[in-house]
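Please examine the structure shown below together with its sequence.

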Amino acid sequence: MKKYYIADFLTILELILTVVIFYLGLRPDISTGVASFVILAAELCDAFDGIAARTWRYPDEPGKYPWRKYATIYDILSDILLIGVTLWYIVTVALPQSDLWAMFLFWNLVLIGVLAAASVEFITIEMTQRGEKARADKIAVWRRRIIYVPAVVITIVWPLFTSGWGFWCNMAILILYVMIGVAIFRLKQDRWSQRFTK
């Protein structure tokens with residue numbers, strides 16, 4: 001396989017894993033810990049497809065790769081589907097297995113995240129329209145740091161801690177997740193200073 005196909009392969013794999021998460025939502029008898037691994041795998045596909053697209057670019061041959069014309073749209077749609085299906089899974093399967101206080105905490109985090117993301121988006125649009133693009137870009141970067149990353153962490157970790165696998169098993173898996181997260185952070189460190197992710 002040619003290296004420039006890797007980004008497309010990862011996006012397709014992300015879509016397949018999203019379907020698997022949906023299937024796991026229809027099968028509440030399967031441990032939520034399994035879903036946590038699948039969500040992690042899908043998020044890794046999302047993290048690495050951008051790296052692959054920037055590292056191994058398609059040859060500049062107009063008309064040879066017609067699907068590339070819509071690559072950004074496919075990538076955005078796959079990300080939206082992953083977020084939507086994961087949230088649906090947590091609400092329908094993982095959340096009902098949580099304590100009442102945990103359910104309250106989850107919905108408050110969702111509400112705060114949505115309000116914060118919407119507020120920051122409106123602020124960046126307003127600043128861009130006023131000609132303050134540099135400040136708008138800085139705010140957009142901070143949105144990625146303080147809203148997107150915690151949201152990804154919550155969607156991966158929440159199903160893990162409702163799995164019933166035991167505290168020490170969950171902690172060992174969580175340490176593995178942290179190590180993977182640190183590795184991704186180092187690989188994508190340059191993206192933390194740029195507004196656009198792809």
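In the protein chain of this predicted model, residues 24 or more positions apart account for 75% of the contacts with a separation of 6 or more; a contact means heavy atoms within 4.5 Å. The chain has six helices and zero strands, where helices (H or I, at least four residues) and strands (E, at least two) are DSSP runs numbered from the N terminus. From the N terminus on, the elements run α-α-α-α-α-α.

**Basis and confidence**

- Residues are numbered from 1 along each chain as its sequence is written, and side-chain values use heavy atoms, with hydrogens and water left out.
- Because the model is predicted, local features need pLDDT of at least 70 and side-chain atom pairs count only at pLDDT 80 or more, while totals for chains, interfaces and linings use all residues.
- The pLDDT, which is the predictor's confidence in each residue from 0 to 100, averages 80 in the protein chain, and 88% of the residues score at least 70.
- Confidence is highest in helix 1, at a mean of 92, and lowest in helix 4, at 75.

**Interior**

- Of the 198 residues in the protein chain, 35% are buried; buried means under 20% relative accessible area, exposed over 50%, and partly exposed in between (1.4 Å probe, protein chains only).
- The largest nonpolar core has 27 residues; such a core is a set of buried Ala, Val, Leu, Ile, Met, Phe, Trp, Tyr and Cys residues joined through side-chain atoms within 4.5 Å.
- Helix 1 (6-26), helix 2 (32-55), helix 3, helix 4, helix 5 (133-161) and helix 6 (167-187) each supply at least two residues of this core.
- Helix 2 gives the largest share of the core, seven residues.
- The residues with the most contacts inside the core are Ile 21, Tyr 89, Ile 156, Trp 158 and Tyr 177.
- Apart from neighbours within four places in sequence, Trp 158 is in contact with Ile 90, Ala 94, Leu 95, Ser 98, Ala 102 and Phe 106.

- Thr 11 is located in helix 1 and counts as buried because its relative accessibility is 12%.
- Residues up to four places away in sequence aside, Thr 11 touches Asp 49, Tyr 74, Asp 75 and Ser 78.
- Thr 18 also belongs to helix 1, and its relative accessible area of 4% is why Thr 18 is buried.
- With residues up to four places away in sequence again left out, Thr 18 touches Leu 81, Leu 82 and Val 85.

**Surface**

- The protein chain exposes about 12,100 Å², of which carbon and sulfur atoms supply 73%; accessible areas come from the Shrake-Rupley method with a 1.4 Å probe, and for residues only the protein chains shown count as cover.
- Tyr 70, Ile 73, Tyr 74, Ile 76, Leu 77 and Ile 80 make a nonpolar surface patch of about 590 Å².
- Within this patch, Leu 77 is found in helix 3, and Leu 77 is partly exposed because its relative accessible area is 48%.

**The loop residue Gln 97**

- Gln 97 lies in the loop between helix 3 (71-94) and helix 4 (100-129).
- Since its relative accessibility is 42%, Gln 97 counts as partly exposed.
- Gln 97 touches Thr 32 and Thr 162, not counting residues up to four places away in sequence.
- Gln 97 and Phe 161 are 64 residues apart along the chain, and their C-alpha atoms are separated by 9.7 Å.

Notes. Patches are made of residues with over 30% relative accessible area and no salt bridge: like charges are joined within 9 Å, nonpolar side chains (Val, Leu, Ile, Met, Phe, Trp, Tyr) within 5 Å. A salt bridge is a side-chain nitrogen of Lys or Arg within 4 Å of a carboxyl oxygen of Asp or Glu.
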